[in-house]
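Thanks, everyone. Let me put the structure up, and then I'll walk you through it.

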Amino acid sequence: MNLDAENRVVLNVGGIRHETYKATLKKIPATRLSRLTEALANYDTVLNEYFFDRHPGVFGQILNYYRTGKLHYPTDVCGPLFEEELEFWGLDSNQVEPCCWMTYTQHRDTQETLTVLDRLDLDTDKPGDEEIARKFGMEEDFLNGTLSWWQNAKPKMWSLFDEPYSSTSAKVIGIISVFFICVSILSFCLKTHPNMRVPVIRNVTVWTSQHTKAWTLDKFQTNPHLAFFYVECVCNAWFTFEFTTRFIACPSKLDFVRGAVNIIDFTATLSFYIDLVLQRFASHLENADILEFFSIIRIMRLFKLTRHSAGLKILIQTFKASAGELILLVFFLVLGIVIFASLVYYAERIESNPENDFNSIPLGLWWALVTMTTVGYGDMAPKTYTGMFVGALCALAGVLTIALPVPVIVSNFAMFYSHTQARAKLPKKRRRVLPVEQPRGPRARGQGPGAGDGHQTRRMNAIKQNHPKEFASPKLALELLSFSTIEP
């Protein structure tokens with residue numbers, strides 16, 4: 001019984017006492033619990049126990065790991081907290097059992113999502129002056145108080161034109177920008193309507209049946225109404241002014257040029273001026289109307305709305321996060337299209353079919369694409385029973401192929417959206433928690449560090465001379481030595 005009592009050890013973790021054997025703690029060497037000695041500062045000689053001010057709920061699973069050799073994840077704690085506790089006790093987080101691995105690693109996906117949202121800059125809190133100076137690379141001048149008028153005006157101009165939620169004036173500028181974007185897109189669409197176009201009539205000389213000359217009016221083309229030209233001039237004047245101002249006041253010219261939205265804005269604005277030059281110098285060409293096709297790039301200006309809408313940012317980020325699933329979807333669709341196009345081509349040739357629509361496999365590719373995506377234009381359809389059977393298989397395969405990756409994409413969007421809503425409701429500033437030093441044991445007035453009244457008190461910062469000289473890791477050794485002193 002005495003040997004059994006000497007082998008027992010009492011661990012007080014967060015106010016909850018756990019009792020086990022020393023041999024149990026030595027099953028996993030190079031850990032904090034495997035190096036327990038009475039010389040440690042957190043050993044209480046009165047209660048004969050080791051006290052650790054750590055999370056008691058997590059420690060139950062850690063102690064069970066020593067007993068059974070299986071580390072399970074408690075579902076009532078957060079993942080980062082569990083990792084911090086494992087690091088404190090000197091355990092490896094990769095030893096979590098497979099049954100708990102998916103639940104345990106969910107916090108890592110959450111942290112990646114929060115990192116992405118930080119890059120999207122969806123928060124509306126206003127940064128401090130020092131942070132703004134660091135962003136624009138003038139921190140040294142800010143600390144010295146030698147900022148010039150341009151250095152003071154540059155961040156204000158940038159926030160005014162690029163951060164719509166930074167101030168009331170920025171919101172007004174943002175509303176104006178959205179208004180001109182909508183007007184430009186509306187003008188681009190309406191000028192193609194027949195009732196919005198003006199016919200171009202020319203006088204043509206013709207010969208009559210009596211071999212005499214006559215003149216007739218011929219409408220050989222139509223042009224957009226002149227009002228659309230003035231509307232586009234006003235809109236593009238604003239876009240040019242806005243882009244130039246943002247380029248001049250941006251924190252980094254290289255990052256500004258690399259931005260996808262900025263590239264679209266520059267290309268769309270430049271296309272307007274190129275269109276003016278082509279209409280002036282290339283209108284006499286026969287295929288001059290084809291040049292108007294390049295003006296379709298102006299419709300890409302709609303992506304500028306991502307600066308004003310957090311929902312569009314989340315949607316674009318969802319497609320980026322689901323790129324693997326989208327690539328897999330396209331791969332399976334292409335694979336199915338090629339297979340079923342070949343099958344329906346030969347299936348329609350087996351029986352007599354005078355009205356065969358599938359004269360080649362490339363024509364069958366279009367039918368397979370329309371069928372697998374469940375669109376079904378009806379312009380091509382199999383006529384034989386074998387072809388109908390192939391068409392039924394093609395439709396079923398398309399439904400299954402499209403339905404499988406869609407829940408993953410929806411899940412990614414719900415994850416980004418829910419985290420965005422949660423961040424919007426959280427307080428911007430958190431209460432700061434200061435570190436507290438461990439209390440020292442009572443000491444009689446006028447006595448030295450080693451004096452005492454014969455009665456051993458609770459020692460929190462004393463360690464004997466025969467303390468262990470080897471530790472599981474240098475980091476663990478530094479932590480133990482930082483909370484202990486050498487007893488004289």
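I'll take the strands, then a helix pair, then the record's annotation. Keep in mind that this is a predicted model.

Strands first. E1 covers residues 8–13, E4 covers residues 49–52, and the two pair in the parallel sense. Three bridges join them. Look at asparagine 12: opposite it stands phenylalanine 51 in E4.

Now E3, residues 43–44. E3 pairs with E4 too, in the antiparallel sense, over two bridges. Which residue in E4 is the bridge partner of aspartate 44? It is glutamate 49. E3 and E4 form a hairpin, with four residues between them. Within that turn, asparagine 48 has a positive phi, about 55°.

Next, the helix pair. H9 runs over residues 149–162 and H10 over residues 168–190. They pack at about 45°, and their axes are 7 Å apart. Angles under 35 degrees would count as roughly parallel, and 65 to 115 as roughly perpendicular, so H9 is oblique to H10. Who meets whom? From H9, Ser159, Leu160 and Phe161; from H10, Ser169, Ala170 and Ile173. By class, the contact has four nonpolar residues, two polar and no charged.

Last, the annotation. The UniProt record, an unreviewed entry, places "transmembrane region" at residues 172–190, 326–346, 358–377 and 389–417. Take two of those in the model. Residues 326–346 are 100% helix and 0% strand, and the end C-alpha atoms are 31 Å apart. Residues 358–377 are 60% helix and 0% strand. There, the end C-alpha atoms are 15 Å apart.

That's my tour. Over to you.

Technical notes. Residues are numbered from 1 along each chain as its sequence is written. This is a predicted model: local features need pLDDT of at least 70, side-chain atom pairs count only at pLDDT 80 or more; totals for chains, interfaces and linings use all residues. Side-chain values use heavy atoms; hydrogens and water are left out. Two strands pair if DSSP finds at least two bridges between them. UniProt positions are given in the numbering used here, feature names are shortened, and annotations may be inferred rather than shown by experiment. Axes are lines fitted to C-alpha atoms, for helices over the stretch in contact, and angles run from 0 to 180 degrees between N-to-C directions. Angles under 35 degrees count as roughly parallel, over 145 as roughly antiparallel, 65 to 115 as roughly perpendicular and the rest as oblique. Contact means heavy atoms within 4.5 Å. Ala, Val, Leu, Ile, Met, Phe, Trp, Tyr, Cys and Pro count as nonpolar, Asp, Glu, Lys and Arg as charged, and the others, Gly among them, as polar.
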